[in-house]
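Me: I have a model open here and would like to go through it step by step. Could you take my questions as they come?

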Amino acid sequence: MDGMLYYGVLVLLIGLAYMFFQHNSTGLLLITVIIGIYIVYSHTTGNTATEFKNEVVNSINEEAQGFDDKKGIKRFDPGKMKKELEEGQ
């Protein structure tokens, strides 16, 4: 978020937080404050939830590559499965 959009969203969140505070809605107030903190943090540092998710998925994918060879598992044979599927058609 660049320019006025960033500040506009922050003003909107401050207005919502004030409204929730006035109506004693602490749950929604807490959610609004957390969203505001996330927006400021991601804008300041550049770290976003999407980047974190992508890092986790890539890490899991790297660990899963060659898992059967690392562990010595010989039960699954993709070639045999393909052959069985072709015979069944």
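Me: To begin, where does N24 lie?

Reply: The model is a predicted one. In it, N24 lies in the loop that runs between helix 1 and helix 2.

Me: Is N24 buried or exposed?

Reply: N24 counts as exposed because its relative accessibility is 66%, and the cut-off for exposed is over 50%.

Me: What is the phi of N24?

Reply: Phi of N24 is near 55°, which is a positive value in a residue other than glycine. Most residues other than glycine have a negative phi.

Me: Which residue just after helix 2 takes a positive phi?

Reply: That residue is G46, with a phi of about 90°.

Me: Turning to helix 1, how far apart are its end C-alpha atoms, and what should the span be?

Reply: The end C-alpha atoms of helix 1 (residues 4-22) are 27 Å apart. This agrees with expectation, because 19 residues at 1.5 Å a residue should span 27 Å.

Me: Which residues of helix 1 are buried?

Reply: The buried residues of helix 1 are Y6, L10, L13, A17 and F20. They cover an arc of only 90° around the axis, so they sit on the same side of helix 1.

Me: And which are exposed on the other side of helix 1?

Reply: M4, L5, V11, L12 and Y18 are exposed there.

Me: What do the buried residues of helix 1 pack against?

Reply: They pack against helix 2.

Me: What about the length of helix 2?

Reply: Helix 2 has 20 residues, and the distance from its first C-alpha to its last is 28 Å. That is close to the 28 Å expected at 1.5 Å a residue.

Me: Which of the residues in helix 2 are buried?

Reply: T32, G36, I39 and S42 are the buried residues of helix 2. Their arc around the axis is only 135°, which means that they lie on the same side of helix 2. On the other side of helix 2, the exposed residues are T26, L30, I37 and T44.

Me: Why does T32 count as buried, and what is it in contact with?

Reply: T32 counts as buried because its relative accessibility is 8%, where the limit is under 20%. Leaving aside neighbours within four places in sequence, T32 is in contact with L13, L16, A17 and F20. Among the buried residues of helix 1 are L13, A17 and F20.

Me: And S42, why is it put in the buried class?

Reply: S42, which is also found in helix 2, has 15% relative accessibility and therefore counts as buried. With neighbours within four places in sequence left aside, S42 is in contact with N47 and T48.

Me: What does V40 touch?

Reply: V40 lies in helix 2 and touches Y6 and L10, not counting residues up to four places away in sequence. Both Y6 and L10 are among the buried residues of helix 1. V40 itself counts as partly exposed, because its relative accessibility is 33%.

Me: How far is V40 from L28?

Reply: V40 and L28 are 18 Å apart in space, C-alpha to C-alpha, and 12 residues apart in sequence.

Me: Where is L28 found, and why does it count as partly exposed?

Reply: L28 is found in helix 2 (residues 26-45). L28 counts as partly exposed because its relative accessibility is 40%.

Me: Lastly, which residues form the nonpolar patch on the surface?

Reply: The nonpolar patch on the surface is formed by L28, I31 and I35. Together, L28, I31 and I35 have about 250 Å² of accessible area.

Methods:
Residues are numbered from 1 along each chain as its sequence is written. This is a predicted model: local features need pLDDT of at least 70, side-chain atom pairs count only at pLDDT 80 or more; totals for chains, interfaces and linings use all residues. Side-chain values use heavy atoms; hydrogens and water are left out. Patches are made of residues with over 30% relative accessible area and no salt bridge: like charges are joined within 9 Å, nonpolar side chains (Val, Leu, Ile, Met, Phe, Trp, Tyr) within 5 Å. Accessible areas come from the Shrake-Rupley method with a 1.4 Å probe; for residues, only the protein chains shown count as cover. A salt bridge is a side-chain nitrogen of Lys or Arg within 4 Å of a carboxyl oxygen of Asp or Glu. Helices (H or I, at least four residues) and strands (E, at least two) are DSSP runs, numbered from the N terminus. Buried means under 20% relative accessible area, exposed over 50%, partly exposed in between (1.4 Å probe, protein chains only). The expected span of a helix is 1.5 Å times one less than its number of residues. The arc is that of the directions from the helix axis to the C-beta atoms. Contact means heavy atoms within 4.5 Å.
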